[in-house]
Amino acid sequence: MAESSAPIAVSSTVPAAGARQARRALAVTLAVTIAYALLAAFGLRWALAQGIASPTWPAAGVALAVLVMAGPRHAPAIVLGYVLAALFGGSPQPSWVIATVAVGNMLSALGAWWVLRRLHFAPRFEAFRDFVVFVGAATLAATFASTIGAVAIGLASPAGTPSVLMWAHWFLGD
């Protein structure tokens with residue numbers, strides 16, 4: 001049997017489309033990282049507890065919006081964005097506290113996203129129910145993030161106890 005020397009035709013549209021989607025996802029994740037870092041740096045300017053626990057935290061809203069609109073694959077950008085803001089902002093907190101707060105912020109946004117999906121939230125807020133579901137999910141997320149953060153900072157403080165005032169500022173900021 002003679003072998004053919006003609007090249008085998010391989011469709012390059014599928015790999016090209018996959019590569020294009022991967023580049024787009026990476027670009028969105030990078031944009032979310034930058035946006036989160038900038039908004040976190042803005043929020044950290046009013047921090048109550050040495051570079052953490054701000055009464056204003058617009059990054060939480062952006063994190064939830066990104067997850068609702070683009071999905072959870074961009075959640076790692078929340079961690080990276082917070083870490084960048086804390087490091088470039090000169091946070092005096094130990095690296096384990098920064099990492100704990102970053103992961104807590106991501107998990108709180110993912111938890112709110114999960115609740116919203118589970119309760120069939122419509123991002124267009126077409127019904128009053130959507131508003132109530134959104135406020136409930138955001139409240140749960142703020143509770144989770146502020147608790148994780150306050151406990152981490154409390155454990156790192158000389159007294160070793162979280163501050164209720166810090167938790168309240170954090171909760172209201174989120």
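## Terms and basis of the model

A residue is called buried when its relative accessible area is under 20%, exposed when that area is over 50%, and partly exposed in between, with a 1.4 Å probe and protein chains only. By this scale His120 is exposed, because its relative accessible area is 65%.

The model is a predicted one, in which local features need pLDDT of at least 70 and side-chain atom pairs count only at pLDDT 80 or more, while totals for chains, interfaces and linings use all residues. Residues are numbered from 1 along each chain as its sequence is written, and side-chain values use heavy atoms, with hydrogens and water left out.

## Overall architecture

The protein has 6 helices and 0 strands, where helices (H or I, at least four residues) and strands (E, at least two) are DSSP runs numbered from the N terminus. The order of elements from the N terminus is accordingly α-α-α-α-α-α. Of the 174 residues, 34% count as buried. Among contacts with a separation of 6 or more, 65% involve residues 24 or more positions apart, a contact being heavy atoms within 4.5 Å.

## Nonpolar cores

A nonpolar core is a set of buried Ala, Val, Leu, Ile, Met, Phe, Trp, Tyr and Cys residues joined through side-chain atoms within 4.5 Å. The largest such core has 25 residues, and those with the most contacts inside it are Tyr36, Ala40, Trp57, Leu67, Ile78, Tyr82 and Trp170. At least two residues of this core come from each of H1 (13–44), H2, H3 (76–88), H4, H5 (128–156) and H6 (164–173), with H4 giving the most, 7 residues. Another core, of 8 residues, lies apart from it and includes Ala112, Leu116, Ala137 and Ala141.

## Packing of H2 with H4

Helix H2 (residues 58–70) packs on helix H4 (residues 95–118) at an angle of about 45°, with the axes 9 Å apart; axes are lines fitted to C-alpha atoms, for helices over the stretch in contact, and angles run from 0 to 180 degrees between N-to-C directions. The two helices are therefore oblique to each other, since angles under 35 degrees count as roughly parallel, over 145 as roughly antiparallel, 65 to 115 as roughly perpendicular and the rest as oblique. Their crossing is right-handed, which means that the near helix is turned clockwise from the far one by less than a right angle.

On the H2 side the contact is made by Ala63, Leu64, Leu67 and Val68, which meet Ala109, Leu110, Ala112, Trp113 and Leu116 of H4. By class these are 9 nonpolar, no polar and no charged residues, where Ala, Val, Leu, Ile, Met, Phe, Trp, Tyr, Cys and Pro count as nonpolar, Asp, Glu, Lys and Arg as charged, and the others, Gly among them, as polar.

## Packing of H5 with H6

The axes of H5 and H6 come within 8 Å and cross at roughly 145°, and this crossing is also right-handed. H5 contributes Thr139, Ala142, Thr143, Ala145, Ser146, Thr147, Gly149, Ala150 and Ile153, and H6 contributes Met166, Trp167, Trp170 and Phe171. The residues of this contact divide into 8 nonpolar, 5 polar and no charged.

## Individual residues

His120 is found in the loop between H4 and H5 and has a positive phi of about 55° although it is not a glycine. Phe125 is placed in the loop between H4 and H5 as well, and its phi, near 50°, is likewise positive in a residue other than glycine; at 38% relative accessibility, Phe125 counts as partly exposed.

Leu155 lies in helix H5 and, at 55% relative accessibility, counts as exposed. Leu155 and Val97 are 58 residues apart in sequence, and their C-alpha atoms are 8.9 Å apart in space.
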